[in-house]
Amino acid sequence: MVETTHVEHDANLHHSSPPLGTDNVNITSNPMVEGVEKLVNDIVEQAKENIVSNVPHLEMEFESEALAYEFYNEYSRKCGFGIRREYANKSKKDGVLTSRIFMCSKEGRCGGDKRDYLTKEARAETRTGCLARMVISLVRKIGKYKVIDSVARHNHLLLPAEYVYMICSHRHISESQASQIVLLSHTHIYIYIYKIHVTSTIM
């Protein structure tokens, strides 16, 4: 008669042992992982700062009204619209500019055509009553201008990058072009500069 023996298996034998080389390793505290996470977070924060610094926002500071204009004009160039200086307030005591409004060039509405009544073709409407703007105010304690109001929404289409140069606030002559004009004027060559006639969508 054959005797059978019962073997009791230890329950621990059914558990797989951890991979070699991973004993007592906390992945979350791995210096390499932490370094990568910090780098990614720094990149994201820097990107946010760049976006904020390039977009008008409340409490933004400028050393002068001219610098504020240059900033808003460059911002408008990238977006595809033009700007102009609007209302300004000056101190009655010292004549210092205390506030300024920079408006989209399509703000307001054009008045009636004041040309001769026999004119056959009326001037095209170029303004749409757009309210996009940036308002600055002088803070005398720090001697800087701060943005106190900003509206980014337009009620008209923005121009693509290839047509932005035709907007009034973005028509500039480079230094090389200016030097060529001066050189030609010295050689008694008369230069006739004709005004560019733009479409009704461009001001």
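Biologist: Hi! What pLDDT does the chain average?
Modeller: This is a predicted model, and the chain averages a pLDDT of 76, with 60% of the residues scoring at least 70.

Biologist: And where is confidence lowest and where is it highest?
Modeller: The lowest is helix H1 (residues 31–53), with a mean of 61, while strand E4 (residues 133–139) is highest at 97.

Biologist: What about residues 193–201?
Modeller: There pLDDT stays under 50 too, though the model has 10 contacts beyond four places in sequence for them. Where pLDDT is low, the predicted coordinates should not be read in detail.

Biologist: Is Glu65 buried or exposed?
Modeller: Glu65 counts as buried because its relative accessibility is 13%, under the 20% cut-off.

Biologist: Which side chain does it have a polar contact with?
Modeller: That of Arg85, at 2.7 Å. Beyond four places in sequence, Glu65 also touches Leu97, Arg100, Phe102, Ile136 and Tyr145.

Biologist: Nice. Which other residues of H2 are buried?
Modeller: Besides Glu65, they are Ala68, Tyr69, Phe71, Tyr72, Asn73, Tyr75 and Ser76.

Biologist: How far does H2 reach from its first C-alpha to its last?
Modeller: H2 reaches 21 Å with its 15 residues, close to the 21 Å expected at 1.5 Å a residue.

Biologist: And what comes just after H2?
Modeller: Gly80, which takes a positive phi of about 105°.

Notes: Residues numbered from 1 in each chain as written. Predicted model: local features only at pLDDT ≥ 70, side-chain atom pairs only at ≥ 80, totals over all residues. Heavy atoms only, no water. Buried < 20%, exposed > 50% of the residue type's maximum accessible area, 1.4 Å probe, protein only. Polar contact = N/O pair within 3.5 Å; in protein donor to acceptor, adjacent residues only side chain to side chain. Contact = heavy atoms within 4.5 Å. Helix = DSSP H or I, 4+ residues; strand = E, 2+ residues; numbered from the N terminus. Expected span 1.5 Å × (residues − 1). pLDDT = per-residue confidence, 0-100.
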